[in-house]
Amino acid sequence: MHPYWFDVQHYINGQFVEGERHFEILFPATNEVIGRAPEGREAEVDAAVRAANTAFAYWSQMPPSQRRRYLRAFAEGIRAHEEELALTESLDVGRPIRENKASYVARVAANIDFFADFAVMHGSEAYPMENGYINYVLRQPIGVAALITPWNVPMLLETWKIGPALAFGNTVVLKPAELTPIGAWKLAQIAHEAGLPPGVFNVVHGFGPDSAGALLTQHPDVSLISFTGETVTGKAIMSAASRTLKRISFELGGKGATLVFADSDLDLAVETSVRAAFFNQGEFCLAGPRLLVQRPLYEPFLERFLARASTLQPGNPLDPETTLGALISREHVQRVRAYIDQAVAEGATLLLGGGPPHLPSPYHEGNFLSPTVIAHVQPHDRICQEEVFGPVVTVAPFDSEEEALAVANGVNYGLSSVVLTRDVGRAIRVAEALKVGTVWINDFFVRDLRVPFGGMKQSGIGREGGQHSLEFYTETKTVCLSNRS
């Protein structure tokens with residue numbers, strides 16, 4: 001048995017529940033089995049939804065200030081388990097532990113804390129009429145929220161949904177990705193320790209199609225679905241949800257462009273671009289895998305970018321010196337390498353990487369891919385159009401602002417972009433013209449929980465964050481008050 005071993009369980013109605021069937025959990029860095037998780041089917045999904053439905057009757061009627069006390073205890077529990085959660089997230093995902101210890105777990109806790117406070121402090125609306133009537137607006141919880149999360153940054157995205165769903169009075173059934181079940185199980189343990197009432201927060205493990213995920217989206221007693229994941233899966237969930245008119249919020253795939261203008265600070269441009277390309281091994285919907293560099297800066301930038309990318313150190317994710325972790329699975333490595341091979345076969349130039357790094361046992365059996373940089377690509381190439389989701393970046397020069405925007409916007413996705421320039425006017429113009437939900441200027445992945453987050457085109461539907469989460473996770477009711485006694 002591996003030195004780290006996890007017997008993961010469902011969490012339903014305040015109890016940890018075993019399953020009849022199980023699937024293995026693999027450590028991406030070695031492909032060793034590090035535990036097992038139960039495969040939820042109809043019985044488990046139905047039990048979780050029924051528990052959440054029952055709990056909704058009292059949780060939804062609880063004053064927001066009382067719910068906040070439970071959620072603050074939950075957030076404090078996350079902080080108290082910071083070391084353990086940093087470790088388990090690396091074992092689950094393959095991400096370097098140094099990134100988890102830097103700020104990751106703190107942000108996981110902040111997702112709970114922020115919305116617990118926001119639910120208490122948000123105001124309402126009132127509209128007096130000339131004839132003495134007053135209209136005022138109520139925000140009321142909706143019901144059972146199905147939260148379906150991906151494997152790349154699981155705990156961050158789980159709490160991004162759990163926080164507002166619970167704070168605004170809904171109850172939750174969380175279905176984490178089957179490849180990364182440990183973090184959700186740990187969050188359930190912490191919620192249990194924090195004393196969340198039974199049925200308020202439930203976790204059911206399992207697969208998507210014809211399994212726990214699909215069963216959850218089709219369940220008649222689920223009122224809303226928040227999903228983060230692949231665009232194809234989002235379309236399937238949308239179809240299933242339409243049968244019962246469930247409310248949906250989707251954050252789907254991305255194919256972000258990083259636009260580097262000739263007047264950029266070169267040091268800043270290189271560091272920001274490397275982070276955007278290779279954070280979380282490039283397994284990040286907000287990543288910047290398309291580098292567009294204005295021609296006067298192209299050669300010096302490329303030289304510095306290649307040198308900096310070459311310093312990324314793959315290896316054991318639990319080693320604090322490691323700066324590039326493992327990809328999630330062998331199948332995913334094969335998928336990413338297929339994109340690389342096709343690009344090279346069609347005339348692109350491999351400038352860096354393209355294959356696995358040389359690592360000692362047991363990491364030579366892991367799902368590693370060296371930082372990969374590809375040049376001489378065309379905007380319509382498959383590698384420039386589809387989400388690769390790995391440590392792979394294409395780089396191409398451009399001449400004009402208009403050309404850069406045409407290429408950046410010329411994909412089916414519209415989640416995020418990075419703009420690097422010292423020209424404030426250009427920054428404003430380009431940000432307005434980019435068809436994406438978020439634009440970072442001279443930085444990457446800076447998040448404020450108050451602002452809307454989501455994508456355009458096939459990158460999603462709806463927005464969450466601050467007031468936008470309130471709008472998604474609550475129902476609006478208008479009350480017209482007469483001045484008659």
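The lining of the largest cavity in this predicted model comprises 8 nonpolar, 4 polar and 2 charged residues. The volume of this cavity is about 90 Å³. It is lined by 14 residues, and G282, F284, A287, P289 and F389 are the closest to its centre. A search of the whole structure returned 4 cavities of 30 Å³ or more.

The second largest cavity holds about 70 Å³ of space. Its lining is made up of 13 residues, with S249, F250, E251, F453 and E464 nearest the centre. Sorted by class, these lining residues are 4 nonpolar, 5 polar and 4 charged. At least two residues of the lining come from each of helix 5 (154-167), strand 11 (224-228) and strand 12 (247-251).

The chain is divided into domain 1, which covers 6-252 + 459-480, and domain 2, which covers 257-441. The C-alpha centres of domain 1 and domain 2 are 31 Å apart. Contact between the domains involves 27 residues of domain 1 and 32 residues of domain 2. In the UniProt record, an unreviewed entry, residues 18-479 carry the annotation "domain: Aldehyde dehydrogenase". Across residues 18-479 the chain is 41% helix and 20% strand, and 46 Å separates the end C-alpha atoms.

The largest pocket contains about 1100 Å³ of space. Of its 43 lining residues, F227, G229, E230, T231 and T233 are the closest to the centre. Two or more lining residues are given by each of helix 7 (212-218), strand 11, helix 8 (231-242) and helix 11 (330-345). Helix 8 gives the most to this lining, with 6 residues. The lining of the largest pocket has 19 nonpolar, 15 polar and 9 charged residues. The largest pocket lies between domain 1 and domain 2, because both domains give residues to its lining.

The second largest pocket has about 290 Å³ of space. It is lined by 13 residues, and those nearest its centre are E99, A102, S103, R275 and F279. Helix 4 (residues 97-121) gives the most to the lining of the second largest pocket, namely 6 residues. The class composition of this lining is 6 nonpolar, 2 polar and 5 charged residues. Domain 1 and domain 2 each provide at least three residues of the lining of the second largest pocket.

Three individual positions were also considered. G206 is located in the loop between strand 10 (201-203) and helix 7. The relative accessible area of G206 is 0%, so this residue is buried, the cut-off for burial being under 20%. With neighbours within four places in sequence left aside, the contacts of G206 are F23, P38, E39, G40, K175, P176, E178, S211 and A212. Between G206 and L481 the separation is 275 residues in sequence and 49 Å in space, C-alpha to C-alpha.

P141 belongs to strand 7 (residues 134-141). Apart from residues up to four places away in sequence, P141 touches F56, S60, F168, G169, N170 and Y473. One of these contacts, G169, is 28 residues from P141 in sequence, with the two C-alpha atoms 5.0 Å apart in space.

S273 is part of helix 9 (residues 266-278). This residue counts as buried because its relative accessibility is 0%. Beyond neighbours within four places in sequence, S273 is in contact with T258, V260, L291, F301, F305 and L420.

How values were computed: Residues numbered from 1 in each chain as written. Predicted model: local features only at pLDDT ≥ 70, side-chain atom pairs only at ≥ 80, totals over all residues. Heavy atoms only, no water. 1 Å grid on protein atoms, 1.4 Å probe; cavity = no way out; pocket = protein on both sides within 12 Å on 5 of 7 lines; lining within 4 Å. Points joined across faces, edges and corners; volume = space filled by probe spheres on them. Nonpolar A, V, L, I, M, F, W, Y, C, P; charged D, E, K, R; others polar. Helix = DSSP H or I, 4+ residues; strand = E, 2+ residues; numbered from the N terminus. Domains from an automatic or database assignment. Buried < 20%, exposed > 50% of the residue type's maximum accessible area, 1.4 Å probe, protein only. Contact = heavy atoms within 4.5 Å. UniProt positions renumbered as here; feature names shortened; annotations may be inferred.
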